[in-house]
Amino acid sequence: MVDFTIKIGGEAGFGIMTTGLFFSKIASRLGYQILDYVEYPSLVRGGHNAYEIRVSDTEVIALKKEIDLLVCLNKETLEKHKDRLTPESLVIYDRDEFDFQDNFQKIAVPFKKILTDFNGPAVMKNTIALGASLAIFGGKIEILLDLIKAQFEKKGDQIVKFNQQFAIAGYDEVKKNYPSFIKNFLTERQERKEQLVITGNDAFSLGAVVADCRLYAAYPMTPSSSVLHTLALWQDKTGMVVRHAEDEISVINTAIGASFAGVRSAVGTSGGGFALMVESLSLVGITETSLVVFIAQRPGPATGMPTWTEQGDLLFAAFSGHGEFPKIVLAPGDQKEMIELTLKAFNLADIYQTPVIILSDMYLSEGHRSVERDWFEEIAAKYKINRGKISINSKLKSQNSKRQLKTKNFLRYKITEDGISEKILPGTLGYFYQANSYEHLEDGHTTEDLAERVKQVNKRNRKIGAYLSQDFQLPNFYGDKNAEVIFVSWGSTKGVVLEAQEQLRKKGIKTGFYHFNHLYPLNQKRVGPLFRVKRRYILVENNSWGQLGKILAMEVGVRIKEKILRYDGRPVAVEEIVNKI
Amino acid sequence: MNSLNQDFTGYSPTWCPGCGNWGIGSAIKQALVQLDFSPDQIVAVFGIGCSGNMNDFLNAYGFHALHGRAIPLAIGIKLANHKLPVIVIVGDGDCYGEGGNHLIHAARGNHDITVIVHNNRVYGLTTGQTSPTSAKGFKSKSTPLGLLEASINPLTLVLTQGATFVAQGYAGDVNHLTQIIKAAISHRGFSLVNIIQPCVSFNKINTYQYYQERIYNLDENYITDDLNKALIKASEINQEKFPLGIIYQKQSPTFTEDLIQLKEKTLIEKERFSNTDLLIKEFI
């Protein structure tokens, strides 16, 4: 069985991210599965960057404690990460830069000398390291040379060859001097399926395209920005309009306008940007506009720690907006769930004519995982757009139909049993109506009449009931129903809890696990009974308050006393959970 | 069949007797009739304020937005269906204060929307506080000792940010204002109509009489496509002199005209994209 972790560290601004992703793609192309995780400070140059990849021939769902190969592009890398090394761990480093006495397996690669020999810039250290790492794990150099070629092809053959020589030099160095250290981990797997190496943000982007989202607006904010970059890059192919507006308030209002006019629309941001959007989220609520809001969380409050991870905005998302209005909060646990829930979110937004918030976090948004291409293509082909009561086939002005004699006020906010009213698009001939930020009558006109107010509040509230009975999903359960220990978590902590369960199982300890995707509102009648049996329930969250625990207490009346909470900006680790039991 | 003024007439306005909003409301309706639109063919986005309350008095597809946020919402409507004429009906506090940032960026994007600003130089709906266009020294509920800031010049502001149509009208001259609004709606690209308007309840300084003495119609020979001359003209309001008419106009591609994905069809009319093969190559 193949299961190893490689970590590459060095100074920020020297291409660590590209190198790490290359390694992930190489492993993936050879038929292995990966999970990767990046650490970087909130600056462009200087500081420490690290890229960690776990590779296996089975599904990878979490990081592991031990690093099998640590690639040190500087001395700091060793100092920062040596507590995760074992005597069997390999360390690639340059003896000309520094040396060490610790009891690890030393692989000295003369980065400096190679750079001097080929007259290369410092950034090429990465490429040398990549070649050396590939050699250690028994991979063929050709696949790396192909990737380099693809990357630099546009710049000409000479640039391709120039880059390739550094990879070859690193590769040959290991082959020649350390043959006994070479492991046959990265041999080409015979029965391999084509895989995509995607981040949570990539998954959201793919989901949005498949869901026929036609307008995406955003203002750059880590860790959500790569959605903006990706969707903007695809515009000429997909036809989506991507607007980088002047601020997050403009962002959400652009999307509200586009959605009002009939196209599926979404916005993306992190907690701080969402805070700016919140007044307008309330506008979405009262005007019953469909909108998908993607939030990639990072540690707050305020600017917090921009490039690290946390699940600190669940309560904020659930209770965002002044006044009372329905909204739906979803949180995927991994890349596949991100695609599935994004597809679902666009349907829910249209069916219930309300905001749907998707909560991600830096760990999920920026880390890669392998997803089989077949799986994605099947789910994309199977997806059915459901626009609910939005009538998109209405006759628009552009169709040059004859003008109606008299236009009628359409009852946009008609009182209905499920609280959802029919919507026609502006421009539909023969009608008019207004979407109104003020409380309004069925026809959209402003009202302060007490009976009409109550009717509209009740109408909007009925949409919550409709969602809870038709589309709310209970948490997924993993493990043993009769186990004494039951973990409870949400979003991106899914993988680490599952991995902890597996390790505990090997020790003979059975556990169960409720993982929530549909976080708010909760169906009290259906969620309550899950916690009725007396068990040792343990909450696992990447925040300091145990926010899902608070929602469960408030909405369902369940109080979970035991908690594993991590809020130092790093993802929860498997051993933290295992050691607690 | 031609549309009539009454087609656009909704609820009876609740504006104060003598308020400049009456004249502006009337000019907007007349402009729409004269341009031969019917209520189902246009979208009006309203801000919050006395002017925004026109949402109930004007029959049309409408969106009564948040205070300050009408402009980006109108941009979104235009992006989704650029064949729909979109007008934005806002006040000075709304558009030059709370939403000032949006105004600048809408101008530089040449978004094809018509921004009609009811500029009464005071907050009316909240009963009389100072506004961004109040004169320095203006005493109000929020500035009892007199306003310390200089007033904003909305005309030079948008002119310097690339606006392609800038005009000024007066609520007391409905016919002239109607012509200006017609030209603004017909203009392809961003248009701003700054409308000088007395507030009979809360602004006792900038009255009808005050403006009658300080307004004048631009000369027939005034050339509208010279930015430097326009800036000089627009600067006159700093001295409380108010030229009326089209101060600047230039033809330039609009935001949606420059979007390659909207070359053939509007966003709402386009076929659904389904060739994900084109996208996933980069992930392998």
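How many residues has helix 12 of chain A, and how far does this helix reach from its first C-alpha to its last? The legends below, drawn from a predicted model, begin with this element.

**View 1. Helix 12 of chain A and the residue that follows.** Helix 12, residues 335–352 of chain A, has 18 residues. From first C-alpha to last it reaches 25 Å, close to the 26 Å expected at 1.5 Å a residue. The helix is mostly covered, with 16 of its 18 residues buried. Just after helix 12, A:Gln353 adopts a positive phi of about 50 degrees.

View 2. Seven strands of chain A make up an open sheet of mixed pairing, in the order 9-8-10-11-13-12-23. Its edges are strand 9 (241–244) and strand 23 (518–520), each of which pairs on one side only. From one strand to the next, the twist averages 25 degrees. Helix 12 of chain A packs on this sheet and touches strand 11 (291–297), strand 12 (328–330) and strand 13 (355–361) of chain A. The direction of helix 12 makes about 160 degrees with that of strand 13.

**View 3. Strands 8 and 9 of chain A.** Strand 8 (residues 215–218) pairs with strand 9 of chain A in the parallel sense, over four bridges. A:Tyr216 has A:Val242 of strand 9 as its bridge partner, and A:Ala217 stands opposite A:Arg243 in strand 9. In a regular strand, side chains alternate between the two faces of the sheet. Strand 8 of chain A is covered on both faces: A:Leu215 and A:Ala217 lie on one side, A:Tyr216 and A:Ala218 on the other, and all are buried.

**View 4. A nine-stranded sheet with strands from chains A and B.** This open sheet has nine strands in the order 19(A)-2(B)-1(B)-3(B)-4(B)-6(B)-5(B)-8(B)-7(B), and its pairing is mixed. Strand 19 (434–436) of chain A and strand 7 (215–217) of chain B stand at the edges with a single partner strand each, so one side of each has no neighbour in the sheet. On average, and with direction ignored, neighbouring strands of the sheet are turned by 20 degrees against each other.

**View 5. Strands 1 and 2 of chain B, with helix 2.** Strand 1 (residues 43–46) and strand 2 (residues 61–64) of chain B run parallel and are joined by four bridges. B:Val43 has B:Tyr61 in strand 2 as its bridge partner. Helix 2 (residues 70–80) of chain B packs on the sheet, where it touches strand 1, strand 2, strand 3 (86–91) and strand 4 (114–119) of chain B. Between the directions of helix 2 and strand 3 of chain B the angle is about 175 degrees.

**View 6. Where chain A meets chain B.** In chain A, 60 residues are in contact with 47 residues of chain B. Helix 9 (residues 248–260) of chain A supplies nine residues, the largest share of the side of chain A that touches chain B. By class, that side of chain A has 27 nonpolar, 20 polar and 13 charged residues. Strand 19 of chain A and strand 2 of chain B pair in the parallel sense over three bridges, and A:Ala435 stands opposite B:Phe63 in strand 2 of chain B.

**View 7. Domains of chain A.** Chain A is divided into domain 1 (3–181), domain 2 (197–382), domain 3 (390–470) and domain 4 (476–580). The centres of domain 1 and domain 3 of chain A, taken over C-alpha atoms, are separated by 58 Å.

Key: Residues numbered from 1 in each chain as written. Chains lettered and ligands numbered in written order. Predicted model: local features only at pLDDT ≥ 70, side-chain atom pairs only at ≥ 80, totals over all residues. Domains from an automatic or database assignment. Helix = DSSP H or I, 4+ residues; strand = E, 2+ residues; numbered from the N terminus. Expected span 1.5 Å × (residues − 1). Buried ≥ 20, exposed ≤ 12 C-beta atoms within 10 Å, placed from the backbone. Pairing = 2+ DSSP bridges. Axes fitted to C-alpha atoms, helices over the stretch in contact; angles between N-to-C directions. Contact = placed C-beta atoms within 7 Å. Nonpolar A, V, L, I, M, F, W, Y, C, P; charged D, E, K, R; others polar.
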